Amino acid sequence: MDKQNAGNAPIGSGKDFIRTIIDADNASGAYGGRVHTRFPPEPNGYLHIGHAKSICLNFGLAEQYNGKCNLRFDDTNPGKEDVEYVDSIKEDVHWLGFEWEDREFYASDYFEPLYDWAVQLIKQGQAYVDSLSPDEIREYRGTPTTPGTNSPYRDRSVEENLALFEQMRAGERQEGECVLRAKIDMAHPNINMRDPTMYRIRKLAHHRTGDRWCIYPTYDWAHGQSDSIEGITHSICTLEFENHRPLYEWFLEQLGVYRPKQIEFARLNLSYTVMSKRKLLELVTEQHVEGWDDPRMPTICGLRRRGYTPEAIRQFAAGIGVAKVNSTVDIAYLEYCLREDLNQRAERRMAVLYPLKVVIENYPEGEIEWFEADNNPEDPEAGTRPVPFSRELYIEWEDFMEDPPKKFFRLAPGREIRLKHAYYITCTEVIKDANGTVTELRVTYDPESRGGGTPDGRKVKGTSHWVSASHAVDGEVRLFDHLFTTERPGDQPEGADWRDYLNAESRTVLTGCKLEPALAEAQPEERFQFLRQGYFVADKKDHSAAHPVFNRAVGLRDTWAKIQKNQGGSGS
């Protein structure tokens, strides 16, 4: 049984540049010693491992500094948002182990004050209604190296702008006909400061406000003011918003309201997958995967279904830390974090994925013995379980070779091995079908070797796991590999299609696997180590007692440890 609540992985309290800034603010009394962060997802898709890093950071900072963290949905684009995404985001954040208490907010909560503030900027001569088309606005904006051009509508009077903006709100203007823009500087070196759009007309129903609005604020307009309303002290964003910070600060300064501090950090990139919401959506809609929670997806719900634990993901986020430079983290480190977590608390079971029948010729027919097997050698409190043993067993195909090479120590004709928890056996005969394929092994056992030792003290080099044939539970086992065949599928040369690098062998389904009977009692999302196979989880959706389905979360081979040994590094 998986101890789901056994300990909490550290969130990460090491001194990094964000904590250095917060410490300095606390020392100066900048925010009265308060630390109040927020996690502001857009409800237009499922969260992925990159969002998990941000969740752990924002909620972790609040926890470390005895502060607060809000969950705020940036629901300003009704064309792409859905309550399905809202519900999934809340479930993911909660599953990761974080609580927002009564601080669940929505940018749509602030549509009225945001509108009033827009009117204030119009009255101050700092915003105007522009009637250029979207293509003309882009053309007039200029490029990063050439200044933009003022719109011919930039100098409309305050009265005309107020009237037009009211018409926009009332639905008297059509989509694309006009927008509200801030009046800043069309020659500004930062292109985000060249009269950015604040409102656009979208005649779409909103998942919370219904048809009450037909104009919606842009992210840049809603972001800083939402932070201000909620009393956020430190607005933690990813690095792509660094060039937006001057605009964030300009809006707050012109409005004369409380000013949080925006801080940017590098977003997470992970090898052998994509993190773009657009690409993840295409994987789902084009049916390259079986949904947002496909165990091959980097989504939080996909990782959860794969068998990842909240603690492993939190440890991963703590281990990679925060930085100011974008980089790609090796997925082997994420796997290492899971392996380390499950090694301590996942109970052990025996499962034969590629069964080969073994008949013990000198074992009494009809007799059954029960062996006590450790549930987890890493956890003495996990206890033991009874495992049945009988005359006919299954072992793994790969545990037998008829003509073995020198360093193959498992079963072969005339060779003796140990059956885990049970007896020594020796192969005496190989049964084949008409095609020459091995179908069955005949062996003898040493009754004196019960439990793994013998009176004469002889040792064997090979040990195999096994399942009693008469007690075996048939199950389905799904093995997963990287979704892509290249380390950085999103960074392909122009003209290349990232889909070309999808791994056709990323999912293998095995049926007729032989499971020890204790696995018949497994509950969905219960995790185990299958001896010598890896760590597995009972599938969240498809597993049942009548049809057991297990997903391999991660193998036993520690790729990350080998990488670290070769590099001589610490891994974080």
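Strands here are DSSP runs of E at least two residues long, helices are DSSP runs of H or I at least four residues long, and both are numbered from the N terminus. By that count, His 234 sits in strand 8 (residues 234-238), and the protein chain has 13 helices and 27 strands. You're looking at a predicted model, where local features need pLDDT of at least 70, side-chain atom pairs count only at pLDDT 80 or more, and totals for chains, interfaces and linings use all residues. Residues are numbered from 1 along each chain as its sequence is written, and side-chain values use heavy atoms, with hydrogens and water left out.

**The overall picture**

- Along the principal axes, the C-alpha atoms of the protein chain fill a box of roughly 100 × 55 × 45 Å.
- Of the 572 residues in the protein chain, 52% are buried (under 20% relative accessible area; exposed is over 50%, partly exposed in between, with a 1.4 Å probe and protein chains only).
- Take the contacts (heavy atoms within 4.5 Å) between residues at least 6 apart in sequence: 71% of them join residues at least 24 apart.

**Around His 234**

- His 234 is buried, with a relative accessible area of 0%.
- Its side chain makes a polar contact of 2.8 Å with the side chain of Asp 25. A polar contact is a pair of N or O atoms within 3.5 Å; within protein, one must be able to donate a hydrogen and the other to accept it, and residues adjacent in sequence count only if both atoms are side-chain atoms.
- The side chains of His 234 and Thr 233 are joined by a polar contact of 2.8 Å as well.
- Setting aside neighbours within four places in sequence, His 234 is in contact with Ile 22, Asp 25, Tyr 31, Arg 34, His 36, Thr 37, Lys 261 and Ile 263.

- Strand 1 runs parallel to strand 2 (residues 68-73), joined by four bridges; two strands pair if DSSP finds at least two bridges between them.
- Thr 37 stands opposite Cys 69 in strand 2.
- To get from strand 1 to strand 2, the chain goes through helix 2 (residues 49-64), a right-handed β-α-β crossover. Right-handed means that, with the strands pointing away from the viewer, the path from the first strand over the helix to the second runs clockwise.

- Asp 82 caps the N-terminal end of helix 3, with a side-chain oxygen 2.8 Å from the backbone nitrogen of Glu 84.
- The 13 residues of helix 3 should span 18 Å at 1.5 Å a residue, and its end C-alpha atoms are 18 Å apart, which agrees; the expected span is 1.5 Å times one less than the number of residues.
- Buried residues in helix 3 include Tyr 85, Ile 89, Val 93 and Trp 95.
- Just after helix 3 comes Gly 97, with a positive phi of about 105°.
- Helix 4 (residues 111-123) has buried residues too, among them Phe 111, Trp 117, Ala 118 and Leu 121.
- Gly 125 follows helix 4, and its phi is positive, near 75°.

**Nonpolar cores**

- A nonpolar core is a set of buried Ala, Val, Leu, Ile, Met, Phe, Trp, Tyr and Cys residues joined through side-chain atoms within 4.5 Å.
- The largest one has 41 residues, of which Ile 49, Ile 55, Val 93 and Phe 316 touch the most other members.
- Contributors of at least two residues each include helix 2, strand 2, helix 3 (83-95) and strand 27 (549-554).
- Not counting residues up to four places away in sequence, Ile 55 touches Phe 39, Leu 47, Gly 60, Val 93, Leu 96, Phe 98 and Ile 300.
- A second, separate core of 31 residues includes Ala 118, Leu 121, Ala 182 and Tyr 216.

- Strand 14 (residues 355-360) pairs with strand 20 (residues 438-445) in the parallel sense over four bridges, and Val 358 stands opposite Leu 441 in strand 20.
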